[in-house]
Amino acid sequence: QVQLVESGGGSVQAGGSLRLSCAASGTIFTINAMGWYRQAPGKQRELVARLTIGASTTYADSVKGRFTISRDNAKNTLYLQMNSLKAEDTAVYYCNLDRLTPWGTRNSYWGQGTQVTVSS
């Protein structure tokens, strides 16, 4: 099993910054990808940013140029630097880890979520 613990959420005014962290532990094997997703009230969960094993990144159009995803491989920790925050960034942010096992299967794990609230 894999455990993901997010931190760094909070309340900030529009234009401000926050940095989210996601620490992974447990039987990780090989990380295929890690990413951040968010879910606002009444909306579906959506991809914010994703980082693959080959260091390829994907960002939602709404956050390009404002958010940066990164990873500390030695610490198995994923980060999301969020700058120029907007009210529409308000959501619960979830960390996701997609792992590859030695026997060829893939598993996906989610963190418990961290609230980000941006006031205008």
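**Notebook: the disulfide, its sheet and the core**

I looked up the cysteines first: Cys-22 and Cys-95 form a disulfide, with their sulfur atoms 2.1 Å apart. I count a disulfide when two cysteine sulfur atoms lie within 2.5 Å. The structure holds one. The torsion about the S-S bond of Cys-22 and Cys-95 is about -80°, so this disulfide is left-handed. Cys-22 sits in strand β3 and Cys-95 in strand β9, so the pair ties together parts 73 residues apart in sequence. Strands here are DSSP runs (E, at least two residues), numbered from the N terminus.

I noted the source next. This is a predicted model: local features need pLDDT of at least 70, and side-chain atom pairs count only at pLDDT 80 or more, while totals for chains, interfaces and linings use all residues. Residues are numbered from 1 along each chain as its sequence is written, and side-chain values use heavy atoms, with hydrogens and water left out.

Are the two cysteines buried or exposed? Cys-22 is buried at 0% relative accessibility. Cys-95 is also buried, with a relative accessible area of 0%. Buried means under 20% relative accessible area, and exposed over 50%, with partly exposed in between (1.4 Å probe, protein chains only).

I then traced the sheet. Four strands form an open sheet in the order β1-β3-β8-β7, with antiparallel pairing. β1 and β7 are the edge strands, each pairing on one side only. The twist averages 15° from one strand to the next. Angles run from 0 to 180 degrees between N-to-C directions, on axes fitted as lines to C-alpha atoms. Two strands pair if DSSP finds at least two bridges between them.

I checked two of the pairings. β1 and β3 pair over six bridges, and Val-5 has Ala-23 in β3 as its bridge partner. β7 (residues 67-72) and β8 (residues 77-82) pair in the antiparallel sense, over six bridges. Phe-67 stands opposite Met-82 in β8. β7 and β8 form a hairpin with four residues between them, and Asn-76 in the turn has a positive phi of about 50°.

Last, I looked up the core. The largest nonpolar core has 30 residues, and Leu-4, Met-34, Trp-36, Leu-80, Met-82 and Tyr-93 have the most contacts inside it. Such a core is a set of buried Ala, Val, Leu, Ile, Met, Phe, Trp, Tyr and Cys residues joined through side-chain atoms within 4.5 Å. Which residues does Leu-80 touch? Among them are Leu-18, Trp-36, Val-48, Phe-67 and Tyr-93, not counting residues up to four places away in sequence. Contact means heavy atoms within 4.5 Å.
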